[in-house]
Amino acid sequence: MYPNLYYIFKDWFGVDWKALSFLNTFGLMVAIAFIVAAIVLTSEFKRKEKLGLLFPREESITVGKPASIAELLLNFIGGFLFAYKLLGLFLDKPDDITAQDYIFSRDGNLLAGLITGILLASLKWWEKNKQKLKEPEQRVVRIWPHDRVGDIVIIGLIFGILGAKLFDDFEHWNDFIKDPIGMILSPSGLTFYGGLIVAALAIFWYAYKRGIQLTHLIDVAAPALMIAYAIGRIGCQLSGDGDWGIYNSAYITDPVTYKVVQVKPDDFQKQLQRYSLYFLDGKVLDSGTVYPIEVTDRKSASLSEVPYKSFKAPSFLPTWMVAYNFPNNVNKDGIRILNSSEEHNRVLPVPVFPTSFYETVTCTLLFLFLWGIRKRIKIPGMMFGIYLIVNGLERFFIEQIRVNIHYPFLGFYTSQAEIIACCLILIGLGMVIILKSKAAANR
């Protein structure tokens, strides 16, 4: 597992650069996901613009004005905060605290922050001064929808993270009540559907205000959302962020080598007994010491309620594709790896189904499917309806082997993701039926 860049560089190049621990693998993959989504969005916007389905909007702007005090302050503050924390991580962070704790502390490199802040403010002043006119002018410019992709991506990023965090806090309400500030500032815990819903509402409002037709916007967004989700799940798999499946009882983690090994008769039950504190209380006993860990979602009332299925990997598949124990996972979840001095030194006592890997593969294939049919779909909004259906189906079925908090709902015990997935499927089906009916009636 590679919780952050430090582990990647240490494993690949044999260097011990602790400062690299500031950048989480999951965050890196999320950034890549947004970049790829922006490329897909731009491509689809331009295609629809060439077909005459989307149009530019004329806006009046003022040119030739010098930099305002607000612009200079904004650039200074942004540059100061960036360098204050980033260079502080490399130069000043003590070895006994994590990168996340350092980011949310008051500590940083003051000199680097001041220099960078002044530099960025000076560059803004120089740029504006170079364009300054004796008399500022009002000019009318034509802005196409593809020119707004940067704004759309930034809005999606900000409100997506906000929504994902908000829904995760709702899902873990008891923990949130105990420590609301800690839960809000925690770098872990994000719910995809929460991010999707809140970001969608914010982008819809922005598009409406900018005159972008919503039916075409959501069609453009459908393949972009699918490939972004697939890439984001790579980050979940690489970092081991806890978004994995139920236990695979055909294998256990060897308590000496910490490798995944195939079980002999009764090995699985013996492993449950050996680490009963982990499965029942979220703790594990190693060498006479109790180590508390965060496994709230995986606690069980009794060992008989530990969720598992037994499936042995076919000879043509590597074992990790059906049973992976996520060593050094970013959640610090599992039994302690003895004689390890690393910050992330946990491994699951029983391997789980790597559902994040399954979702990456499935959603990549679904992206290729959506990308392949996009030119054949002529009814605005239909593409997004299909996206909602396949997205909901994918998430509903993957939830059958994932561990999540379940709630009583209409006589069933179901997870938040299953409820939302079913709603997306029904909304998607409704959109497809209604849009096809309207198109047929207008012929």
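Of the 443 residues of the protein, 45% count as buried in this predicted model. The fold comprises 15 helices and 12 strands. Among contacts with a separation of 6 or more, 72% are accounted for by residues 24 or more positions apart. The accessible surface amounts to about 24,000 Å², and carbon and sulfur atoms contribute 65% of this area.

Helix H1 spans residues 5–13, and its buried residues are Leu-5, Tyr-6, Tyr-7 and Ile-8. The cover over these buried residues includes helix H2 (25–50). At the start of H1, the backbone nitrogen of Tyr-6 is approached to within 3.1 Å by a side-chain oxygen of Asn-4. Just after the helix, Gly-14 adopts a positive phi of about 70°.

The structure contains 12 salt bridges. One of these joins the side chains of Arg-374 and Glu-44 at 2.8 Å, N to O. This pair connects distant parts of the chain, 330 residues apart: Arg-374 belongs to the loop between helix H13 (355–373) and helix H14 (382–398), whereas Glu-44 belongs to helix H2. Both Arg-374 and Glu-44 are buried.

A salt bridge is also formed by the side chains of Lys-128 and Glu-71 (3.7 Å, N to O). Because Lys-128 lies in helix H5 (residues 110–130) and Glu-71 in helix H3 (residues 69–91), the pair ties together parts 57 residues apart in sequence. Lys-128 counts as partly exposed, at 22% relative accessibility, and Glu-71 counts as partly exposed at 25%.

The side chains of Glu-137 and Arg-139 likewise meet in a salt bridge (3.1 Å, N to O).

Key. Residues numbered from 1 in each chain as written. Predicted model: local features only at pLDDT ≥ 70, side-chain atom pairs only at ≥ 80, totals over all residues. Heavy atoms only, no water. Buried < 20%, exposed > 50% of the residue type's maximum accessible area, 1.4 Å probe, protein only. Helix = DSSP H or I, 4+ residues; strand = E, 2+ residues; numbered from the N terminus. Contact = heavy atoms within 4.5 Å. Polar contact = N/O pair within 3.5 Å; in protein donor to acceptor, adjacent residues only side chain to side chain. Areas by Shrake-Rupley, 256 points an atom, 1.4 Å probe, with all protein chains shown as cover. Salt bridge = Lys/Arg side-chain N within 4 Å of Asp/Glu carboxyl O.
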